[in-house]
Amino acid sequence: MKNPMLYMIEERKETGRGGIYSCCSANAYVLEAAMESGLATNSPVLIESTANQVNQFGGYTGMRPADFVRFVNGIAQKVGFPKEKLILGGDHLGPLTWQDENEAEAMEKSRVLLHDYAAAGFTKIHIDTSMRVADDNRNTRLSEETISRRAAELCRVAEDAYAEYQRSNPEAPKPVYIIGSEVPIPGGAQENESSVAVTKPAEFRSTFEAFRKAFAAKGLEEAFSRVVGVVVQPGVEFADDSVIEYDRAAAKELTDSLKDYGGVVFEGHSTDYQTKEKLKEMVEDGIAILKVGPAFTFALREAIFALEDVEKTVLHNSGIVLSEFRETLERAMLTNPGNWKKHYHGTETQKAIKRKYSFSDRARYYLPDPEVQDSLNTLIQNVNHAEIPLNVIEQYLPIQYRQIRKGKLKPDAESIIKSAIKEYINDYLIATGYLPAAISV
């Protein structure tokens, strides 16, 4: 069975068009929305987890790689999404989570990480060894030789783990690899910025050749032929209340350099909140893998807040216990500030606004909190069992109101939440060629 990522690469070779977005989320509503959109457009769905999100110790989700596979497959079964169109990826796999340990310890844990991802059936592997570990020189940039050597060691582990997985899954496609690491901070910048530096073509070429040489030294030439993408910084970023948009003129020298590397595309991280026009330009220019995560949970949170406004409008003074979702979420974030404190700065008022509305959406880390989940369940139950007038839905959810009027959307809370997420997903499907540019709601 051919790796589904290779179809995108072949299409670009033949037509110069085609791309795919990567859904970087472990939220069930987001994943359901992505798969439902995939069914509606006959498109593959790429879902990725990061090394600190899912690893052999559970990560911040509490899931190991095999757990995440079962979680995603369970959603696919619920939605009816075909397994052959589902791609699972591992992002920033390497010493990311163990940078405070020496190379021997950090790389040993990284080897276990790569083994567990490949042995669980992940078939898109981003090997990232760009970060210093404890015994690296803190005063100099980590050399490309060191980065590529460590990456080749981890690729060897992944290849062996794939062979192990294939013995019980003979139809499993070989993994494809992503290399490079010149990316924005995961989840968006910690400060608002006006610009970011685009990767220089010489740096891209140097990285590619260093990895080619290191892989060959390990006898991994065939695996290197499955390197389909290189992570670069194409000049995009977002922060609390700002978005740096793609400037194709500023990135032209970089994107033109791809012409010398047939079968390889660029992978762009932090593409959240780019307009569909900018996303389309990125795909046209060879940034054909678009990573996105916080934008989808931002849409989720936005829809939940709107549904709470509906709930309060219709059910106040009804005697029904209201969800108090905003207050519950705020309480959880203040009780355990670890996931937002480094990211949100300013006055108390400014930080309160960011906890609710920041584009970096640190609120997503608190959605699994038991009290927050109970509050959300109460909200969904209240909305689904109340007589919600259409004019109230129109007031707070105008796009979903139009979809309901046209018979395209069920007027229940879960469908409304997923519809809001799909509004963002649609921009990526337009950019990658799975939806026409003009979408009528």
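1. Tyr 401 is buried, at 18% relative accessible area. Buried means under 20% relative accessible area, with a 1.4 Å probe and protein chains only. The model is predicted: local features need pLDDT of at least 70, side-chain atom pairs count only at pLDDT 80 or more, and totals for chains, interfaces and linings use all residues. Residues are numbered from 1 along each chain as its sequence is written, and side-chain values use heavy atoms, leaving out hydrogens and water.

2. Tyr 401 sits in helix H15, residues 398–405. A helix here is a DSSP run of H or I, at least four residues long, numbered from the N terminus. Beyond four places in sequence, Tyr 401 touches Leu 390, Ile 393 and Glu 394. Contact means heavy atoms within 4.5 Å. Ile 416 lies 15 residues away along the chain, and its C-alpha atom is 9.2 Å from that of Tyr 401.

3. What lines the largest cavity? Leu 307, Val 310, Val 383, Ile 388, Ile 393, Pro 411 and Ile 416 do. A cavity is a set of points on a 1 Å grid over the protein atoms alone where a 1.4 Å probe fits but cannot get out; lining residues have an atom within 4 Å of a point. The count is one cavity of 30 Å³ or more.

4. Glu 153 belongs to helix H5, residues 144–168. Glu 153 counts as buried because its relative accessibility is 18%. Setting aside neighbours within four places in sequence, Glu 153 contacts Met 107, Arg 111 and Lys 218.

Methods. Helices (H or I, at least four residues) and strands (E, at least two) are DSSP runs, numbered from the N terminus. Buried means under 20% relative accessible area, exposed over 50%, partly exposed in between (1.4 Å probe, protein chains only). On a 1 Å grid over the protein atoms alone, a cavity is a set of points where a 1.4 Å probe fits but cannot get out, and a pocket is an open set with protein on both sides within 12 Å along at least five of seven lines; lining residues have an atom within 4 Å of a point. Grid points are joined across faces, edges and corners, and a volume is the space filled by probe spheres set on the points.
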